[in-house]
Amino acid sequence: MSNDNKPKMNMPRFNLSWLYIFIAMTFAFLYFSSDESAGLNKRLTYTEFKEMVNKGYASKITAYNDNTVEMTLKPEYVKDVFKEDYKKVGRSPILFVEVGSIESLDKFLEEAQKEGKFTGAISYEKKSDMFGTLFWNIAPLLFFIGIWIFMMRRMSGGGGLGANNPFNVGKSKAQVYEKGDNTNRITFKDVAGQEGAKQEIQEIVDFLKQPEKYTELGGKIPKGALLVGPPGTGKTLLAKAVAGEADVPFFSMSGSDFVEMFVGVGASRVRDLFRQAKEKAPCIIFIDEIDAVGRARGKNPNMGGNDERESTLNQLLTEMDGFGSNSGVIILAATNRADILDKALLRAGRFDRQIHVDLPDLNERKAVFEVHLKPLKLDSTVDPELLARQTPGFSGADIANVCNEAALIAARHKKDAVGKQDFLDAVDRIIGGLEKKTKVMTTHEKRTIALHEAGHATLSWFLEHANPLIKVTIVPRGRALGAAWYLPEERQITTKEQMLDEMCATLGGRAAEELFTGHISTGAMNDLERVTKQSYGMIAYAGMSDKLPNLCYYNNDEYAFNKPYSERTAELIDEEVKRMINEQYERAKELLLKHQEGHAQLAQLLMEKEVIFADDVEQIFGKRPWASRSEEIMSQEENKQLPTDKKEETPMLDNK
């Protein structure tokens, strides 16, 4: 007979849970079996206890410190109490009673002994709690074991056993995307703009797919590429596109994942990461925000010698280009602080390429808008090119936020589709904040703000290199009591004359207050801050001073305690800053006095309408004598697409 025909017994599989249940039941049995009311013992009231003592039933009395008393019966009186023979209940059963106090018990027993009613022994004992003693002996040990397990789990990045158990704290925490994984796949088609960066990074993907194309000519693939650029420009998105395009394993983690509070953990994770990568080569490793671990050695804020971050960096440098071979392993990293990275990390052989991911220009912003407009329900008034012109200086993340905010505004107004005005309102909302039409202001405050904003508008209209005005408002928005929107030209270089004109226009608000109200206010604080920073930059960094020409005192040392110039030079810089600002301030007052009548009309119009546009300024001052290329383009767009609605805003907000 074969074994397959034998009857199978449905036996439960052994599990540690059964052992735990058995132990718990054993403890419960011991606990309840030791209960004083269980078995053949009996609990008495204090009155019954005194009656039995007076009758001479007690042979021994034991008193405990918790006011409980045990009384042992004489064998001849067992049947009178339990109504059964002593053979069934024992020769000396115990009765239990609780007394009010040991002092009252002593008095009662002394009287019973004097009267001869009790001749047995009396003892006083301290009751021992076996379970309480066991608990207080084990509880501290259990507490410290629990704390240790908790800390180790937190240190290893999660709970449970397996890959994140406490003994794997030195293991890499990188997320691995295997080839063929199409979950939430992003490709280069999803990355708008950044054509130069995509072209450089596309070569890495091509090499992984067709290495013989490059190796036939003796070329070697770059070991690493560093994506550098301002926040929100799409560095991480480019890395995700590489993961979607390259048909190889992709390891992704943040620079902060290497650094821990325990010494040696970061270096261990670096070794484990590269060990896994070598096993799956060819592959790509992406380290986001690498400045968390790649900061220049010897310049850390803690002023320590060889801290955990530096040891992690040393291990990373060794793995990227040491004696070992990392053929087929390519490193991608992203940062917006390339100036603080260690020089050894940036040398050729580690990061061979630095790919600059800059803020998008006009055409790139249009492409980014087209990507983010696809999931939105739009009407016929939305033009991506016009929106791109309205958002100079915006990053890809800012544009995505504009599109989302426009959809929310349209939904708030219960519209069927998102229109152009919703996008313009979204730009205003993001740049200046929410309008606060309910903020209470006195007539005098409102007039001061109107004169201030009219001063900016007047000077920007007559200064050649000032940014063209688009819109002025005295409606409070965010923390600003008034605001002005401009359409700046996208320049690659800026001349001294252009910067001086911008500085003069910025000081127009303070100059108008002093000229036409007779006093100055705190409303110009933001203007003064911008002007002061700009003038210091022109003199100390750009060498645009007559007394300090062609000198740049820019210092890249983040933690330097000394300035790269003497005290005498510092005084000279301060003097030049004061002179430059005072000259532009006097220039602003001269222009305002020259156009005093038009400025007064503009301020009165602001008081009445609260929001005015470039057309209103043109009706007062006439056509702007310094028409820029940006204004010509905007005028063409308005004539072509916006014959009636001329409310355009730009993100160059002048907060007051």
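Modeller: A residue is called buried under 20% relative accessible area, exposed over 50%, and partly exposed in between, using a 1.4 Å probe and protein chains only. The model is predicted, so local features need pLDDT of at least 70 and side-chain atom pairs 80 or more, whereas totals for chains, interfaces and linings use all residues. Residues are numbered from 1 along each chain as its sequence is written, and side-chain values use heavy atoms, with hydrogens and water left out.

Colleague: Why is Arg 275 called partly exposed?

Modeller: Its relative accessible area is 39%, which lies between the limits of 20% and 50%, and therefore Arg 275 counts as partly exposed.

Colleague: What makes the contact of Arg 275 with Asp 272 a salt bridge?

Modeller: The rule asks for a side-chain nitrogen of Lys or Arg within 4 Å of a carboxyl oxygen of Asp or Glu; the closest N and O atoms of Arg 275 and Asp 272 are 2.6 Å apart, so the pair qualifies.

Colleague: How do you know whether Asp 422 is buried or exposed?

Modeller: Asp 422 has 1% relative accessibility, which is under 20%, so Asp 422 is buried, and its side chain meets Lys 415 in a salt bridge at 2.9 Å, N to O.

Colleague: Why is H20 called oblique to H22?

Modeller: Their axes, lines fitted to C-alpha atoms over the stretch in contact, with angles from 0 to 180 degrees between N-to-C directions, cross at roughly 60°. Angles under 35 degrees count as roughly parallel, over 145 as roughly antiparallel, 65 to 115 as roughly perpendicular and the rest as oblique, so H20 is oblique to H22.

Technical notes: Helix = DSSP H or I, 4+ residues; strand = E, 2+ residues; numbered from the N terminus.
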